[in-house]
Amino acid sequence: MRLSLRHVVFLALTLVTSKARAQSPDTIGRALTLPGAHCDGTTRQPADSTVTSIREGDVPPRLLSVVWPTPPAAVKHAGATTVLELVVDATGKLDPCDVRVVEETVPAWTDAVLRSLKKARYGPAQRYGLNVTVRFRQTFTAHRR
């Protein structure tokens with residue numbers, strides 16, 4: 001099997017950055033799963049060493065489609081913001097078992113966002129032209145009416 005220079009550089013940098021990431025994890029917040037997700041430990045989840053930080057990617061994941069959540073009554077006059085830390089794999093699939101709430105103003109809005117993410121579709125992130133699994137933060141805001 002022959003590897004191109006691009007693949008060798010990618011593998012070398014992946015090993016170096018995964019060691020640095022193991023020393024200083026960038027995950028904070030309250031861990032959750034998407035509603036209806038089966039996260040019993042038998043499903044294969046990516047190891048932290050295979051998850052690239054958004055800062056290390058060349059092309060970030062792109063939100064292709066999502067059913068925008070309906071704001072709950074508590075949000076209609078005040079507005080709300082939720083910041084989630086998500087993992088999107090190399091095929092663009094959102095990992096339903098690896099979701100963290102970094103910041104939230106109204107928990108009911110966070111619940112609505114999590115329900116809507118079950119059907120979200122992403123374009124995969126890329127590093128050196130190859131699709132990679134990436135951890136990133138995304139903000140969801142409900143504006144008052």
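C39 is partly exposed, with a relative accessible area of 30%; partly exposed covers the range between buried, under 20%, and exposed, over 50% (1.4 Å probe, protein chains only). C97, by contrast, counts as buried at 15% relative accessibility. The model is predicted: local features need pLDDT of at least 70, side-chain atom pairs count only at pLDDT 80 or more, and totals for chains, interfaces and linings use all residues. Residues are numbered from 1 along each chain as its sequence is written, and side-chain values use heavy atoms, leaving out hydrogens and water.

A disulfide (cysteine sulfur atoms within 2.5 Å) joins C39 to C97, with an S to S distance of 1.8 Å. Because C39 sits in the loop between β1 (30–32) and β2 (51–53) and C97 in the loop between β4 and β5 (99–104), the pair ties together parts 58 residues apart in sequence. The torsion about the S-S bond is about -85°, so the disulfide is left-handed. The structure holds 1 disulfide.

Strand β4 (residues 80–88) contains E85. At 3% relative accessibility, E85 is buried. Its side chain makes a polar contact with the side chain of R137 at 3.5 Å; the term denotes a pair of N or O atoms within 3.5 Å, where within protein one must be able to donate a hydrogen and the other to accept it, and residues adjacent in sequence count only if both atoms are side-chain atoms.

The chain has 2 helices and 8 strands, which are DSSP runs numbered from the N terminus (helices H or I, at least four residues; strands E, at least two). From the N terminus on, the order is α-β-β-β-β-β-α-β-β-β. Of the 145 residues, 35% count as buried.
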